[in-house]
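Have the model open as you read.

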Amino acid sequence: MAAQPKPLPTEPQNYLQGGGLIGWLTTIDHKRVAVLYAVASFVFMAVGGLEAMLIRMQLWSPDNHLISAALYNQLFTMHGTTMIFLVVMPLEVGFFANFVLPLQIGARDVAFPRINALSFWVFLVGAIFLHLGWLWGGLPDAGWFGYANLTERYFSPGLNLDFWVVGLLILGTSTVLSGLNFFVTIVTMRARGMTFMRMPMFTWAMLVTVVLILIAFPPLTVGLIFLTLDRFFGAHFYQSAYGATPILWQHLFWLFGHPEVYIMALPAFGMISEVVPVFSRKPLFGYPMMAYSLVLIAFLSYGVWGHHMFATGMGPVADSAFAITSMLIAIPTGIKIFSWIATVWGGSLRMTTAFYFALGMILEFTIGGLSGIMHASAPIDLQQTDSYFVVAHFHYVLFGGSMFAILSGIYYWWPKVTGRMLNEPLGKLQFWLTIIGFNGTFFPMHILGMWGMPRRIYTYGAGLGWTHLNQLETLSAFILGLAFLAMYINLIWSTRAGEAAPADPWDGRSLEWSIASPPPAYNFAKVPEVRGRDAFWVMKYGRAGSRGIAMFMAGQTPPVPESQQALPAESIHMPAPSIFPLVVALGIGLMGSGLVIGEWRIIAIGVLTVIASVIAMGFEYPSYGQESHDPQAAPSSGGIDIRKVGLWAFLGNECVFFASLISTYIVYKSRNLGGPGADILEIPLTSISTFALLMSSLAMVLALSAIQRNDKTWMRAWLGCTIALGLVFLGVEAYEFTHFYHEGLSMQTDLFGQSFYTLVGFHGFHVTIGIIWLSTIWFASFSKKFGKLRSLSVELAGLYWHFVDIVWVIIFTLVYLMQQVKGA
Amino acid sequence: MNRRLVPARIAVAIAMLSAFISGCAARHEPPMTTLAPKSDLAQWIYSLFLEVTLWDAGIFAIVVAAFILAIFVFSTRVGEAAAPSSVASDLGLEVAWTLGPALVLLMISIPTVRTIFRSQPRIAPQGSLEIKVIAHQWWWEFQYAQSGITTANELHLPIGRQIRLNLESGDVIHSFWVPQLGGKRDVVPGQINELTLEANVPGTYLGQCAEFCGLSHANMRFRVMVETPDQFAMWEKAQQAAPLAADKAVSPSAADGAEVFANSPCTSCHRIDGVSKGYIGPDLSHFGARTTLAAGIMPNTPDNVAKWVTDPETLKPGVLMPKLGLSGKQLDDLVAYLESLK
């Protein structure tokens with residue numbers, strides 16, 4: 001008997017429905033991943049807020065004993081770490097960008113959906129790691145930027161900072177993966193007709209932000225690796241007794257740290273640039289300059305890191321250079337402020353809560369920017385840094401800037417994400433409570449700073465004139481707490497009883513408003529064709545907008561665009577969920593745990609779990625293009641395969657990583673005190689392994705050329721050569737390391753030893769990963785499925801392999817050959 | 001009155017009120033204020049600060065005015081008859097708000113660079129008084145090379161003379177900050193940082209460590225006594241004099257206290273000239289002459305010294321000094337002895 005055909009559903013499921021708990025654990029839908037990020041971030045927002053409340057309560061009166069010094073130091077450390085890494089960044093990048101970005105460019109998902117899910121689970125593991133101190137030993141307590149050498153084991157013996165170092169390494173991994181993903185997405189998956197100058201400004205902001213992420217995180221990673229080596233393996237990267245300097249940490253950290261604050265600011269700028277035009281019913285003023293100013297801010301942000309170090313004694317030339325560059329960065333920022341105001345000017349304003357928060361952001365961020373100009377002037381900064389003045393400054397830019405923008409974004413995009421409207425009157429109440437609470441808490445801090453109150457002090461003396469302002473701040477902080485409580489109530493109420501949201505509640509300008517609220521899993525029934533900037537507005541009202549004005553005046557609503565029309569879910573194929581992102585994250589968690597408790601077997605299990613899961617992911621179906629399965633045919637707005645773009649972006653990130661390691665090596669070699677030093681190197685031996693590695697690249701080229709003519713046998717032969725030569729390289733290196741160790745050079749000996757082993761060791765690690773990768777391809781090539789897809793697969797591995805080779809040429813030259821040059 | 005202007009007027013009122021309050025507040029001079037400079041360095045910074053504040057205020061006024069006008073005057077509301085404009089660019093405006101701020105920043109950067117170079121002379125000025133400052137967790141050591149004086153937590157300086165502080169760290173990064181005498185300078189292990197200034201108003205100024213350095217970072221305070229040259233010379237002489245010998249002790253209790261000290265673990269950490277050679281803790285040779293103890297966290301009174309010696313950890317979490325288990329007459333004698341070390 002013929003089976004009854006399944007009836008087509010009359011309503012397509014939206015992305016929130018179906019799948020159960022397993023559905024959420026294995027999801028790779030960018031919208032679900034975004035929601036996961038949001039839920040986690042809202043939890044951590046409350047945690048970070050409570051930490052702040054406790055800080056303020058302790059500072060109510062002089063010589064207060066509510067909170068001990070030890071607990072206070074943990075509270076201010078965790079407040080900063082939580083708000084930056086577990087609230088602002090995951091909300092802006094993990095939630096808003098993840099949810100909105102693909103919709104704005106007309107894509108069905110991000111470039112690498114499983115890596116997207118992986119980013120979230122790794123983030124969650126890292127976030128939990130940071131908080132494990134609740135159970136064991138105490139939370140991290142050296143400040144969110146943990147200056148060496150206070151962070152050395154001698155001065156901070158407990159587990160507190162072990163959790164911090166490992167937690168941040170894990171969180172950094174998550175962020176870089178997201179950065180790669182969104183970079184490739186924006187570059188390759190824009191709908192037809194969406195040139196760069198037609199992208200929504202939030203998309204622009206995210207593009208620049210992810211480039212910042214890719215280039216800024218490696219110095220942090222390197223700095224954390226050095227701290228890990230110091231704390232766990234007896235190295236001396238930050239100990240002056242060995243000729244090292246704790247200032248190295250500051251350089252590495254702020255090379256990351258300053259772009260980091262722009263990683264937090266730029267998405268906020270992007271969100272404001274979305275909200276203000278929509279609620280002014282006007283296009284964004286000065287679009288080209290708004291786009292270029294984003295790029296200029298990002299570029300300049302790499303040249304200002306020293307302004308965090310004006311008090312460290314860098315000398316007048318460095319101080320002046322950093323002062324000037326820090327002032328320069330105010331110019332593109334000012335352009336934005338003025339352009340937003342010019343957007344509002346002459347507009348037809350709809351005074352919603354989202355708009356209120358956007359307007360509030362403009363003023364509050366301006367105040368933060370103006371105190372920033374003071375900080376840029378190095379002599380003034382010497383009075384203001386490390387005092388409550390700088391605490392005021394960064395809260396005005398990070399809370400008044402990023403958080404206000406996030407709050408605006410929540411009220412703006414909530415209807416799209418949940419299909420419900422938030423309560424406007426409650427939202428307005430939250431807004432006013434926020435304005436009063438925020439300014440009452442943080443404005444007086446400018447004055448306290450000018451009156452000499454240092455930061456990070458768990459108590460202060462009486463008779464300094466600080467008490468009343470501290471009390472005002474504490475009371476205001478409670479008002480601020482009430483504001484957030486109002487928001488949580490609004491969010492929860494809305495999901496239960498909020499008014500159903502239409503697809504386009506705000507008469508929006510960008511493509512996310514052209515589909516249902518909440519969207520179906522596949523986003524667009526038909527990928528839209530983009531005909532101009534403000535793509536959706538053009539779809540509704542035509543290019544000049546005049547038709548729209550007439551319709552608007554006549555009270556008519558524009559016709560439903562094709563992309564919004566519902567289609568049965570079965571007709572669009574979406575990639576299946578995967579459990580491996582979660583498993584990889586758990587493996588990373590095992591690695592971190594093993595390191596902290598000093599049990600190498602757990603580290604090994606973690607490593608094996610990660611490698612096995614990554615390989616398994618590689619054998620799941622290919623990553624997702626636009627509408628078809630076949631990645632060779634995946635259409636891409638840049639014309640380059642998305643995985644190639646991804647790999648190039650990753651290699652860019654790796655360049656900065658190796659550059660940080662190499663720079664440290666060069667600096668520390670010249671500060672080396674005692675020990676065998678670089679004389680221990682044996683150039684003839686290492687020349688052999690270098691030759692082997694160079695020949696392996698040749699073999700790799702031959703392997704690629706073989707598979708391109710579909711010759712699997714010769715491909716395997718040449719690939720085998722590559723692997724064998726790589727193993728020769730590693731073998732010689734292993735011999736070298738063992739030999740040096742017996743000659744007395746170890747991680748603990750001197751600066752040369754630790755820098756050498758770290759730099760060359762990490763390179764060797766990259767070679768090892770390459771060998772595993774190539775071996776996987778070698779074995780996979782026996783499968784019948786291989787022939788169709790995989791010349792690209794070999795090409796990608798080849799690109800990576802050649803990169804690792806080039807890095808070795810640089811290392812060999814700088815470390816080994818330069819030895820021969822007298823005085824090097 | 002246009003209803004829409006009400007919020008604008010409220011905003012302006014609040015701004016004026018806060019300015020007024022801040023103004024009032026600034027008139028009463030808190031002890032650690034940066035706004036009442038007492039040295040050449042502090043004065044240069046303060047002048048620069050005033051300049052930048054004026055520029056900032058001007059920019060802020062322009063932004064706020066534009067903001068209020070945009071929202072409350074030169075716009076309509078959804079539902080009103082007027083249609084929105086679609087002006088999205090204006091070359092003149094965009095050039096103006098790019099070049100304008102650039103010019104302002106140029107005006108700020110010139111005095112900035114000048115002050116940077118002026119305030120960081122590479123070599124110590126002629127005739128300057130060089131003092132080595134060694135920062136420890138959580139106290140300050142001061143060594144006057146020229147006069148051979150070593151003391152702790154209280155820095156005496158003469159007016160009218162260039163002072164060159166050479167900052168070294170005994171452990172982690174600290175920061176030397178006396179707001180009334182100028183900006184701060186970090187104290188970094190492995191390098192010597194310099195701070196050069198000339199104090200010009202006698203008085204007692206409060207200082208505090210300004211770089212988080214561990215558990216008792218909040219308790220790492222110090223005092224700077226700026227004195228006339230005569231007062232400073234007198235202080236130097238008193239510091240150079242050896243402490244009174246046991247038979248010349250000021251009281252029997254102090255004499256007994258000297259014995260308590262000599263026979264206690266105190267000697268392994270603290271130096272008293274002619275008595276002990278410990279260098280882990282502050283030099284106590286002239287402890288009695290200091291106005292505060294335990295790095296500026298308490299006034300130096302017999303009661304407080306007794307409290308400190310009985311239980312340092314409670315007053316200063318993380319401190320290396322152990323409880324000595326002294327009480328009763330022994331404790332009183334020790335306190336009397338320490339207070340007698342003028």
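Predicted model: local features only at pLDDT ≥ 70, side-chain atom pairs only at ≥ 80, totals over all residues.

F691(A), L694(A), M695(A), L698(A), L702(A) and V809(A) together make a nonpolar surface patch of about 480 Å². Which helix gives the largest share of that patch? It's α21(A), with five residues. F691(A), for one, has its place in this helix.

Now follow that helix along. Helix α21 of chain A covers residues 683–708, and its axis comes within 10 Å of the axis of helix α25 of chain A, residues 791–816. The two axes cross at roughly 160°. Anything over 145 degrees counts as roughly antiparallel, so that's the label for α21(A) and α25(A). As for handedness, α21(A) goes past α25(A) in a left-handed crossing. And what kinds of residues sit in the contact of α21(A) with α25(A)? You'll find 14 nonpolar ones, along with nine polar and two charged.

Helix α25(A) has another packing partner to look at: helix α20 of chain A, which spans residues 642–669. Here the axes lie 11 Å apart, and the angle is about 15°. Angles under 35 degrees count as roughly parallel, and therefore α20(A) and α25(A) are roughly parallel to each other. This time the crossing, that of α20(A) and α25(A), is right-handed.

So, putting the pieces side by side: α25(A) runs roughly antiparallel to α21(A) and roughly parallel to α20(A).

Notes
Residues numbered from 1 in each chain as written. Chains lettered and ligands numbered in written order. Heavy atoms only, no water. Axes fitted to C-alpha atoms, helices over the stretch in contact; angles between N-to-C directions. Helix = DSSP H or I, 4+ residues; strand = E, 2+ residues; numbered from the N terminus. Parallel < 35°, antiparallel > 145°, perpendicular 65-115°, else oblique. Left-handed = near helix turned anticlockwise from the far one by under 90°. Nonpolar A, V, L, I, M, F, W, Y, C, P; charged D, E, K, R; others polar. Patch = residues over 30% accessible without salt bridge, like charges linked within 9 Å, V, L, I, M, F, W, Y side chains within 5 Å. Areas by Shrake-Rupley, 256 points an atom, 1.4 Å probe, with all protein chains shown as cover. Salt bridge = Lys/Arg side-chain N within 4 Å of Asp/Glu carboxyl O.
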